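Let's go through a structure together, one feature at a time. Have the sequence and the 3D view open as we talk.

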Amino acid sequence: MASTAQALRHAFSSQTVLALTSEQTPKSQEEAARVRDEAAVDLRPVKAWKLGATIAAVRANLGLEQQFFGLLPAALVYQDGAEVGGFHARLQGVESEYAFELARDLSAEDAEREDLTSLFSCVRPAIEIPGTRYASLGLYGGFGLVADCVYAVSGLSGGELKPAPAIGSRWRADYVVGV
C-alpha cells in the first residue's frame, strides 16, 4: 500500500487526477486508514480533521464498519470571504457544516467522556467543498474514500455560534478544528 500513499501524495502536490490499479485499491478500512496516514505525512500542518460517514446508512452504503477521520491541510482552509478555485475545488456542490474548535489537544480518555462541550473553545459555521484525488468522489468505494482522506476545501466564518449546541455524548460534528 506504500505505492498507493505515494500516488495520493503525488496527485495532491501535482494537482492531477489519480487512477488506482486493483492492487493499489485498499481492501479493508484498516488498510485504507494506514494509507491515509502515510499519504498525509507531506500535508502538514493540519488545520482540521473531517469526521466522515457519521450516518449508519451512509456507512452501510460505503461498506464501512465505522466512522473515519480525514485531515484538512491548513493550505485548504480559507477564511470567510476568500475566493476558492482550482483543482482542489473542482467538484460541484457544497455542504454546510459546524466546526468545533478545540480548547486543547485531546487525550485517549477524552473519547470516553459523556459531556464533550468543555473540550471546545467555540463553534463556527463552515462550508465544505468535498474534494478527492480521484476522477469522482466514490470511485473506489468507502475504502478508497478513507485512503484519500476526504480532503476538502473549507471556509471558516470568523463568527462564533452562541450559544454552542448541546452535543453531549451523541455529537456528530463534521469538523474538529485547531488540532
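**Reading the features**

Q: Where does D110 lie?

A: D110 lies in the loop between β4 (95-102) and β5 (120-130); helices (H or I, at least four residues) and strands (E, at least two) are DSSP runs, numbered from the N terminus. Keep in mind that this is a predicted model, where local features need pLDDT of at least 70, side-chain atom pairs count only at pLDDT 80 or more, and totals for chains, interfaces and linings use all residues. Residues are numbered from 1 along each chain as its sequence is written, and side-chain values use heavy atoms, with hydrogens and water left out.

Q: Is D110 buried or exposed?

A: Buried means under 20% relative accessible area, exposed over 50%, and partly exposed in between (1.4 Å probe, protein chains only). D110 has a relative accessible area of 6%, so D110 counts as buried.

Q: What does the side chain of D110 make a polar contact with?

A: A polar contact is a pair of N or O atoms within 3.5 Å; within protein, one must be able to donate a hydrogen and the other to accept it, and residues adjacent in sequence count only if both atoms are side-chain atoms. Here the partner is the side chain of R104, at 3.0 Å.

Q: How do I read a nonpolar core, and which residues have the most contacts inside the largest one?

A: In soluble globular proteins, nonpolar side chains tend to be buried together. A nonpolar core is a set of buried Ala, Val, Leu, Ile, Met, Phe, Trp, Tyr and Cys residues joined through side-chain atoms within 4.5 Å. The largest one here has 17 residues, and L8, L18, F68, Y134 and A147 have the most contacts inside it. Two or more residues come from each of α1, α2 and α4, with α1 giving the largest share, 4 residues.

Q: What do the buried residues of α2 pack against?

A: Contact means heavy atoms within 4.5 Å. In α2 (residues 29-39), the buried residues include A32, V35 and R36. The buried residues of this helix pack against α1 (2-14), β2 (68-73) and α4 (141-147).

Q: How many aromatic pairs are there?

A: Rings of Phe, Tyr and Trp (its six-membered ring) pair if their centres lie within 6.5 Å; planes under 30 degrees apart count as stacked, over 60 as edge-to-face and the rest as tilted. That rule gives 1 aromatic pair. The ring centres of Y134 and Y140 are 4.7 Å apart and their planes sit at 75 degrees, so this pair is edge-to-face. Y134 is buried at 0% relative accessible area, and Y140 is buried at 19%.
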